[in-house]
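Look at the charged side chains in the structure below. The text goes through some of their pairings one by one.

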Amino acid sequence: MEAKQTILVVDDDKSIVELLRDFLENEGLSVKIAHDAKRALVVLEENAIHALILDIMMPGQSGFELCRQIRAESDVPILFLSARSDDIDKIRGLALGGDDYIVKTASPGEIVARVKAVLRRSHSQPKRNVIDYDRLTLDLSTREVLLDGQSVSLTPKEYDLLRLFAEHPKHVFTYEQLLERFWEGVGDKHTVRVQLSRLREKIEPNPNAPQFIKNVWGIGYCFKGE
C-alpha cells in the first residue's frame, strides 16, 4: 500500500487548523499541525513532510521568515495562507520560494485542490541532483560548481544565486525579488548588481558578454544557459 503524503499546517488559528485537517484527511492525506514557527521546525525535523500550508501572520516568527529559513535547507512545497489579498504579499511570498498563495476566504475545498495540485507538480518534477548546461555544471548534493570541467570557488550567497537562476532558466527575476530573497529586502539595485558582477567574474567565460546570466534592462536578470 502506498504511504500517505503528509501535510504540515502551520497557523495560530486553531479553528482553521482543525477545519483544514478534517478536509485534508478526508482526501486521504496525513496531517501534522503547528501553531507557530518554532513548533513547525520541530515537526519538519522529525517527520517526512510533503508540503506545508503556512500562515503569514503568526506571533513571533512570521510565515515569510519561516519560509526563508526552510528554503535554506529544503525544497518542500510551501503554500502561503493569508487573510490579505494584497499583490505585494503574494509577490513577496512567491519570491521567497513559495509555490502558491491562497487567501483565507477561499473555500476549504479549493485549498485542498491546490494542495493536491502542488503535490502532483512536486511528484512529477523531482529535483535533479546535477544541473548541466554544457560548459557549466552544478552538483546540488555537494554544492560544487564546474566551468569547463574546472572547479569554481563560490561564496555561499554566490552559489545560492546561481542555483536559483540555473533551476529557473529563462525566468526573469526582478531586482526586488532578489533583494527580498537574498538580502531580506535590505539594499537597492546596486547591491544586486555588485553581487551579480562578482558571480559573473567567476562563471562567465567573458564577463563583459555574459553567456549565462543576462541583464533584462531596467527589470533584473535572466538565466539563459546557452
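The side chains of Glu-110 and Arg-114 meet in a salt bridge, with N and O 2.8 Å apart; a salt bridge is a side-chain nitrogen of Lys or Arg within 4 Å of a carboxyl oxygen of Asp or Glu. Both residues lie in helix H5 (residues 108–124), four residues apart, about one turn of the helix. Helices (H or I, at least four residues) and strands (E, at least two) are DSSP runs, numbered from the N terminus. Glu-110 has a relative accessible area of 35% and is partly exposed, and Arg-114 is partly exposed at 24%. Buried means under 20% relative accessible area, exposed over 50%, and partly exposed in between (1.4 Å probe, protein chains only).

This is a predicted model, in which residues are numbered from 1 along each chain as its sequence is written and side-chain values use heavy atoms, leaving out hydrogens and water. Local features need pLDDT of at least 70 and side-chain atom pairs count only at pLDDT 80 or more, while totals for chains, interfaces and linings use all residues.

Asp-99 forms a salt bridge with Arg-71, the closest N and O atoms being 3.2 Å apart. This pair links distant parts of the chain, 28 residues apart: Arg-71 is in helix H3 (residues 63–71), and Asp-99 is in the loop between helix H4 (87–95) and strand S5 (100–103). Arg-71 is buried, with a relative accessible area of 15%, whereas Asp-99 is partly exposed at 36%.

The structure holds 14 salt bridges. Asp-11, Asp-55 and Lys-104 are linked in a network of them.
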